[in-house]
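Work through the exercises below with the sequence and the model side by side, and try each task before reading its solution.

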Amino acid sequence: MNRIEEKFRRLRRLNRKAFIAYIMAGDPDLRKTYELVLELEKRGADIIELGVPFSDPIADGPTIQKAGQRALRNKTNPSQVLTLVARLRKKTEIPLVLMTYFNIIFRYGVDKFVKDAKKNGVDGIIVPDLIPEEAGDLVRIAKENDFATIFLASPTSNRERLEKVIQASKGFIYYVSLTGVTGVRESLPAEIKKYVLRIKKLTAKPVCVGFGVSRPKQIKQIFEFSDGAVVGSAIVDVIEKNLNKPEIVKKAGELISFLLNPKLLNY
């Protein structure tokens with residue numbers, strides 16, 4: 001059992017849901033990414049997704065695209081991200097998941113990528129442009145190394161597709177709340193609950209909701225029927241607004257505190 005599975009088991013015992021925070025590794029730089037991970041954990045994040053920058057991020061909206069471009073301008077590469085995780089493992093045991101695109105893994109070498117990621121302390125991977133039918137090698141190698149492969153389900157996923165996603169997924173299933181790219185949304189589709197419950201009828205694996213989640217009321221709503229909520233663009237937006245400011249880490253942390261406890265903090 002890896003850290004992700006252990007985290008969900010612990011949260012279930014406590015009758016709690018997972019707050020999953022996404023940031024782009026290397027934005028604004030790797031040193032700040034290190035500080036941000038520790039700050040977000042301190043503020044209540046249960047799992048951290050680290051984006052590995054890629055030049056053609058088809059699932060990402062403008063906010064995360066710009067973060068990826070900033071990281072690429074800093075020459076952030078996969079090896080540096082793995083080294084960052086190794087450094088973090090000296091300070092924290094929070095589950096860490098990489099989110100990137102298959103071209104990076106393919107060029108690195110699937111077997112080598114999984115083994116190097118695991119060795120440096122990564123717990124799993126999300127690859128938005130990789131479907132279960134084409135993920136055989138990744139799933140097999142990941143299973144051999146107790147490494148989570150987290151696949152996406154969406155409002156357009158039929159029963160056959162859901163069963164394939166469930167079979168290939170380890171750690172949790174990532175339900176995409178809408179048909180579109182990442183980004184802050186004023187409101188989320190009313191049908192989310194129905195779709196999530198449909199998945200949960202098919203599996204005991206945790207189901208977490210992401211894409212568009214950015215407000216306390218949305219998180220509260222999602223927690224009622226899912227196992228967790230993923231917030232990315234809202235955090236990355238705070239980072240962008242505070243680039244080159246000394247309070248950048250603090251501001252990102254304050255957002256987490258507000259999202260989880262809005263009555264305790266005027267944000």
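**Exercise 1: Charges and overall form**

The chain carries 46 positive and 31 negative side chains, and the centres of these two sets lie 4 Å apart. Here Lys and Arg count as positive and Asp and Glu as negative, while His and the chain ends are not counted; each charge is placed at NZ of Lys, CZ of Arg, CG of Asp or CD of Glu. This is a predicted model, in which local features need pLDDT of at least 70 and side-chain atom pairs count only at pLDDT 80 or more, whereas totals for chains, interfaces and linings use all residues. Residues are numbered from 1 along each chain as its sequence is written, and side-chain values use heavy atoms, with hydrogens and water left out.

Task: find out whether the radius of gyration of the chain agrees or disagrees with that of a compact globule.

Solution. Begin with the rule, which is 2.2 Å times the number of residues to the power 0.38, the radius being taken over C-alpha atoms. For 267 residues a compact globule would have a radius near 18 Å, and the chain has 17 Å, which agrees.

**Exercise 2: Helix 11**

Task: state which residues of helix 11 are buried, and what covers them.

Solution. Helices are DSSP runs of H or I with at least four residues, strands are runs of E with at least two, and both are numbered from the N terminus. Buried means under 20% relative accessible area, exposed over 50%, and partly exposed in between, with a 1.4 Å probe and protein chains only. In helix 11, which covers residues 233–241, the buried residues are Ser233, Ala234, Ile235, Val236, Val238 and Ile239. Their cover includes strand 1 (18–24), helix 2 (30–42) and helix 12 (248–260).

**Exercise 3: Two residues compared**

Task: decide whether Glu39 is buried or exposed, and describe the setting of Leu152.

Solution. Glu39 is found in helix 2, and this residue is buried because its relative accessible area is 10%. With contact meaning heavy atoms within 4.5 Å, Glu39 touches Val249, Lys250 and Gly253, not counting residues up to four places away in sequence.

Leu152 lies in strand 6 (residues 152–153) and is partly exposed, with a relative accessible area of 23%. Leaving out residues up to four places away in sequence, Leu152 touches Ile126, Pro128, Val165, Tyr174 and Val176. Finally, Leu152 and Lys250 are 98 residues apart in sequence and 31 Å apart in space, C-alpha to C-alpha.
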